[in-house]
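This report walks through a few places in one protein model. Keep the sequence and the 3D view side by side as you read.

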Amino acid sequence: MSVTAHTKTDQDLNISIKKATSPEETAPKRKHVRSCIVYTWDHRSSHAFWSGMKVQPILADEVQTFKALITVHKVLQEGHPNTLKEAMANRAWLDSLNRGVSGDGVRGYGQLIRDYVNYLLAKLSFHRQHPEFNGTFEYEEYLSLKAINDPNEGYETITDLMTLQDRIEQFQKLIFSHFRHVGNNECRISALVPLVQESYGIYKFITSMLRAMHSSTGDEEALEPLRERYGAQHYRLVKFYYECSNLRYLTSLISIPKLPQDPRIS
């Protein structure tokens, strides 16, 4: 009985993956992506999700490839914690999606796909080096798993997070530069959803971590390079979120964060 139920669930998962990665140039529907996320929590595993992705004809069409990357990103963010660990064994498959389209592609997604793959591989490299982080970089969750006693370790963690934040900055700029003046940008815009959420999670974490280090070490000089980089990233994020807030379709999907005009960490 339970085996039959499990098989049915796997079939449902594959249907959700197929619908989320359809060739129509629309955003992956939230309910289909959500089904993939919930599956990983129900089964405490993402193995069936990765297997389901690999049997879909994702490389047959560049829109399907791009929608698959958005779906993978959301599952990495919100799926069961085992999803991030199990994703490490699927990096070669992710990398292979780079080879499905040459140049900018027939439908204009070539460079977007290559940059998205590279960003997701950078995200996975970060999580491999810092396994105490969850997919959305929540500070409280991090503190419950790791005591921060070593200022040098905190410095290194913030530096690695800032490097990942720079990667988000580069990729979101590429997405904006690929908007078409005529036609539908819904699929491209939908890739901004996980980027907004991820950049804000990283921003909040860095802010909390810098404040904690500031109060515990009091070493202004040692923290100055981080403060400078934090300030520069803050202003770029303000601009990014402002541009996002002008995209009506995006604001119908998520709330865009509002940052203070000036960075505040002390």
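Leaving aside its neighbours within four places in sequence, which residues is Leu 112 in contact with?

## Leu 112 in helix α7

The model is predicted. In it, Leu 112 touches Phe 66, Phe 171, Leu 174, Ile 175, His 178 and Arg 188, once neighbours within four places in sequence are set aside. Leu 112 belongs to helix α7, which covers residues 110–129.

Leu 112 has a relative accessible area of 0%, so it counts as buried. Now look at Gly 100. Leu 112 and Gly 100 are 12 residues apart in sequence. Their C-alpha atoms are 12 Å apart in space.

## Helices α3 and α4

Find helix α3 at residues 47–55 and helix α4 at residues 62–78. They pack at an angle of about 175 degrees. Their axes lie 12 Å apart. Angles over 145 degrees count as roughly antiparallel, and α3 and α4 are therefore roughly antiparallel to each other.

Which residues meet where α3 and α4 touch? From α3 come Phe 49, Trp 50 and Met 53. From α4 come Ala 68, Thr 71, Val 72, Val 75 and Leu 76. By class, this contact has 7 nonpolar residues, 1 polar residue and no charged residues.

## A closer look at α4

Helix α4 has 17 residues. From its first C-alpha to its last, α4 reaches 25 Å. That is close to the 24 Å expected at 1.5 Å a residue. Of the 17 residues of α4, 16 are buried, so the helix is largely enclosed by the rest of the structure.

Go to the start of α4. There, a side-chain oxygen of Asp 61 comes to within 2.8 Å of the backbone nitrogen of Val 63.

## Two buried residues in helices

Thr 40 sits in helix α2, residues 30–43. Its relative accessible area is 0%, so Thr 40 is buried. Beyond neighbours within four places in sequence, Thr 40 is in contact with Ser 45, Ser 46, Val 75, Gly 79, His 80 and Thr 83.

Ser 199 is placed in helix α11, residues 192–217. Is Ser 199 buried or exposed? It counts as buried, because its relative accessibility is 0%. The side chain of Ser 199 reaches the backbone oxygen of Val 196 at 3.0 Å. With neighbours within four places left aside, Ser 199 contacts Gln 165, Ile 168, Leu 237, Phe 240 and Tyr 241.

## Asn 185 in a loop

Asn 185 lies in the loop between α9 (151–177) and α10 (186–190). At 12% relative accessibility, Asn 185 counts as buried. Leaving out neighbours within four places in sequence, Asn 185 is in contact with His 178, Phe 179 and Arg 180. A polar atom of the Asn 185 side chain lies 2.8 Å from the backbone nitrogen of Arg 180.

How many residues separate Asn 185 and Glu 25 along the chain? They are 160 residues apart, with their C-alpha atoms separated by 8.3 Å.

## Two positive phi values

Most residues other than glycine have a negative phi. Arg 44 is not a glycine, although its phi is positive, at about 55 degrees. Arg 44 is in the loop between α2 and α3. Its relative accessible area is 59%, so Arg 44 is exposed.

Phe 137 also has a positive phi, near 60 degrees. Phe 137 is in the loop between α7 and α8 (139–145). With a relative accessible area of 1%, Phe 137 is buried.

How values were computed
Residues numbered from 1 in each chain as written. Predicted model: local features only at pLDDT ≥ 70, side-chain atom pairs only at ≥ 80, totals over all residues. Heavy atoms only, no water. Axes fitted to C-alpha atoms, helices over the stretch in contact; angles between N-to-C directions. Helix = DSSP H or I, 4+ residues; strand = E, 2+ residues; numbered from the N terminus. Parallel < 35°, antiparallel > 145°, perpendicular 65-115°, else oblique. Contact = heavy atoms within 4.5 Å. Nonpolar A, V, L, I, M, F, W, Y, C, P; charged D, E, K, R; others polar. Expected span 1.5 Å × (residues − 1). Buried < 20%, exposed > 50% of the residue type's maximum accessible area, 1.4 Å probe, protein only. Polar contact = N/O pair within 3.5 Å; in protein donor to acceptor, adjacent residues only side chain to side chain.
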